[in-house]
Amino acid sequence: MHLFTAVRRDWLSNIRGDVLAGIVVALALIPEAIGFSVIAGVDPKVGLYASFAIAVTSAITGGRPGMISAATAATALLMVDLVRDHGLEYLLAATILMGLLQIGAGFVKLGRLMRFVSKSVITGFVNALAILIFLAQVPELVGVTPVTYAMVAAGLAIIYLFPRLTRVVPSPLVAIMALTGAAIWFGLDMRTVGDLGELPSALPTFLVPDVPLTLETLRIILPYSIALAAVGLLESLLTATIVDDLTDTPSDKNRECAGQGVSNVVSGFLGGMGGCAMIGQSVINVKSGGRGRLSGVVAGSFLLFLIVVLGEWVSMIPMAALVAVMIMVSIGTFSWSSVRDIRAYPVSSTVVMLSTVAVVVWTHDLAQGVIVGVLLSGIFFASKVARLFAVRSRLSEDGRVRTYEVRGQVFFASAETFLAALDFREVVEKVVIDVGHAHFWDVSAIAALDKAVIKFRREGAEVEVLGLNEASATMVDRFAVHNDPVAVERMTGGH
Amino acid sequence: MPKVLACVDASVYAASVVDHAAWAAGRMGASITILHVIGRKDRGGLSDLSGTLGVDANSNLLQALTEADEVNARLAQERGRALLEAARARLQEHGVTRVDLLHRHGSFVETVCEAEAEADLVVVGKRGANADFARLHLGSNLERVVRAASKPVLVASRGFRDIRRLLLAFDGGPSSWRAVEHLAAKPLFGGFDLDVVTAGADTASSRDALEEAAARLRHRAGAVEARLIPGEPEAVIGNHVRERGIDLLVMGAYGHSRVRSLLVGSTTSAMIRTCLVPVMLFR
């Protein structure tokens, strides 16, 4: 019964808003899909077919109604080498494999891993993405005629100033139409979209990529597919969270993983490249009133309709207009508030954010940047928690017994501090180490305790360890106490 | 202690829902929970189709949406609280004192499904505030609530009329047997005169089922009259309600699949629509 309620809510609760927003998104998607095809080094039709297939399929199968997925910069950037070295057919095969990996990720509920990606890493990811989109435009801006600069400047001006005039027409579309009109009217000799390769003239058809089904092929495409799948899921889950926040509604992250996978498989078989959710387009969708699954279906279908009908005109769009749109996407993607926040946030989170950006810009691989960011934030976290540790000691009145009272978190990062806090040179008959208020999280902590006991014994002291059972309870993996306030209290008591 | 869940909104049915709930609670010795749900549907209409992403588009949009939602939600909250207080006051006039108020955000159907778990009877109006545009048109939420609910649902008509005579529309299906069990066992319906009517062809099996149902109901106080009337259920029951001055129609609901009901329409919906009396539905 709930299924029907959910279906109705996801599809039919906002028909007018979804259709209108879908049209706006479709218009905004055309230049982006072409632009990202350029980045990947394939014909514009690959990106356009992909955008159609992914937008429609993920709207139906995904877990986040109102989110827009299509061919994206993040995935396009990862394909460059594969396309250059092996050609389009291998890209299609890699896209299908990418989709299968993502479906698998959905089934093993990999969405849960998102919680290890901190906000600083996400900010770094977004900023790096914006920088990469911008850098991809640079070749179009180097060594070109002054007319091109003028066109790009005019395009940016229209995109930013036109909304002040009216907000009922998408301004990027106005910019593209104006610049295309100007180029044709003045007969300007400029690079156009038509020069980049084939545009679609018909609906996409089902085709199996023309690659040999051998281990050699797998060896070529697997590394790309893994990186594509990881980056695609990361951006999709991140975008889903953004849409969750904007619309104040929850979403099913694991279904989203599988849904992204299905859309990429479909895209690959329809001759499209791999893609994922788009932060910018999803924000535009919500801003234009889109909330339901219908918006994605309308966006994808209308995009394909426009391209097939208007293909001839699309080929006349000057590259300068596309560059202007891409620069806008780049500016819109960048998190400008993160620059302002650098002063307010702790240094460690800024370091994580900047390292993520640096690694991505250096390697052109968002996945590597995220891995570095996650590792760094883990290390910073460990070093912070390691400070939650103190040792108090007292000597008995007769000077024969030394008692150490250990409090706090003992694990690999604080084990050394633990040992340093004990005075092995002191001559006493008996040493009592009370760890009843400490938590021994891992084997390093236990090893440190062992070492301490052995050292004291070698100095001739009798050693008694108090409360080890309580302290080492945290060592047991999968101790699921977070739902049991009493157990949590017992475990962390005294701090 | 049994509990009646009364769902009110800004429609004209709210007062009648409260009256019906008061009647049912009085007969069952139940307390009443009044529920008002603030829907999410019409929130945050920003008409910006410019398709541009400015600087910090995401956080600016979040701020704008939050502000818009905040204003709308605050209005909806005040209106909802006024509705609930009005309902409580009306119940006090009826002499019902054990009243709880339940004010929730979310989808109406989902919220009712959550709340009915603790209730024994759900009372809703034939139409909601969003469906007041056409007379004789059923609220879109009604069918979904009835289909989703596990408890009997009392569908309030436009105004409350004192209830003396009941009609059980009996078709032999599992849900109408549940209606029979309820009528036979529960205090809500004790002491009323009861007509049991099966509409359709006079076959041996339908006559047997009708006789058996009537036999199950005879031990309760009040007269029981069983009849088998040939014809379309909708017309037969509708006529019977009018001619005999029936005050409350009892029936099993939505015995057929949702797909069938989409294609050929549902008998249940048709009866709720045509009979201008409250309807008690069992699934």
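## Figure legends: chains A and B

**Figure 1. Overview of chain A.** The secondary structure of chain A comprises 20 helices and six strands. The model is a predicted one, with an ipTM of 0.73 and a pTM of 0.77. Along its principal axes, the C-alpha trace of chain A extends over about 100 × 60 × 55 Å. Of the 495 residues in chain A, 49% are buried. Contacts in chain A between residues at least 6 apart in sequence join residues at least 24 apart in 85% of cases.

**Figure 2. Nonpolar cores of the model.** The largest nonpolar core holds 134 residues. Ala94(A), Phe125(A), Leu129(A), Leu303(A) and Ala321(A) have the most contacts inside this core. Around Ala321(A), with neighbours within four places in sequence left out, the contacts are Met151(A), Gly155(A), Ala175(A), Ile176(A), Leu179(A) and Thr180(A).

Figure 3. Nine helices and ten strands are found in chain B. Buried residues account for 40% of its 283 residues. Of the contacts in chain B with a separation of 6 or more, 80% are between residues 24 or more positions apart. The mean pLDDT of chain B is 82, and 89% of the residues score at least 70. Within chain B, confidence is highest in strand β1 (residues 3-7), at a mean of 92, and lowest in helix α8 (residues 258-264), at 59. Over residues 132-137 of chain B, pLDDT stays under 50, and the model has five contacts beyond four places in sequence for this segment. Where pLDDT is low, the predicted coordinates should not be read in detail.

**Figure 4. Helix α5 of chain B.** Helix α5(B) runs over residues 174-185. Its twelve residues, at 1.5 Å a residue, should span 16 Å, and the end C-alpha atoms are 17 Å apart, which agrees. Ser176(B), Ala179(B), Val180(B) and Leu183(B) are the buried residues shown in α5(B). Seen down the helix axis, the buried residues of α5(B) fall within an arc of 100°, so they line one face of the helix. An α-helix has 3.6 residues a turn, so residues three or four places apart point the same way. Pro174(B) and Ala185(B), on the other side of α5(B), are exposed. The packing partners of the buried residues are β6 (165-169), α6 (204-218), β9 (248-252) and β10 (279-282) of chain B.

**Figure 5. The contact of chain B with chain A.** Chain B contributes 26 residues to the contact and chain A contributes 34 residues. On the side of chain B that touches chain A, at least two residues come from each of α2 (57-93), α3 (108-115) and α4 (140-148) of chain B. Helix α2(B) provides the largest share, seven residues. By residue type, this side of chain B divides into ten nonpolar, eight polar and eight charged residues.

**Figure 6. Surroundings of Met1(B).** Met1(B) lies in the segment before β1 of chain B. Met1(B) counts as exposed because it has 8 C-beta neighbours inside 10 Å, and 12 or fewer is the cut-off for an exposed residue. Apart from residues up to four places away in sequence, Met1(B) touches Ala30(B) and Ser31(B). Met1(B) and Ala30(B) are 29 residues apart in sequence, yet their C-alpha atoms are 6.1 Å apart in space.

Conventions: Residues numbered from 1 in each chain as written. Chains lettered and ligands numbered in written order. Predicted model: local features only at pLDDT ≥ 70, side-chain atom pairs only at ≥ 80, totals over all residues. Helix = DSSP H or I, 4+ residues; strand = E, 2+ residues; numbered from the N terminus. Expected span 1.5 Å × (residues − 1). Buried ≥ 20, exposed ≤ 12 C-beta atoms within 10 Å, placed from the backbone. Arc of directions from axis to C-beta. Contact = placed C-beta atoms within 7 Å. Nonpolar A, V, L, I, M, F, W, Y, C, P; charged D, E, K, R; others polar. pLDDT = per-residue confidence, 0-100. Core = buried A, V, L, I, M, F, W, Y, C linked by C-beta atoms within 7 Å.
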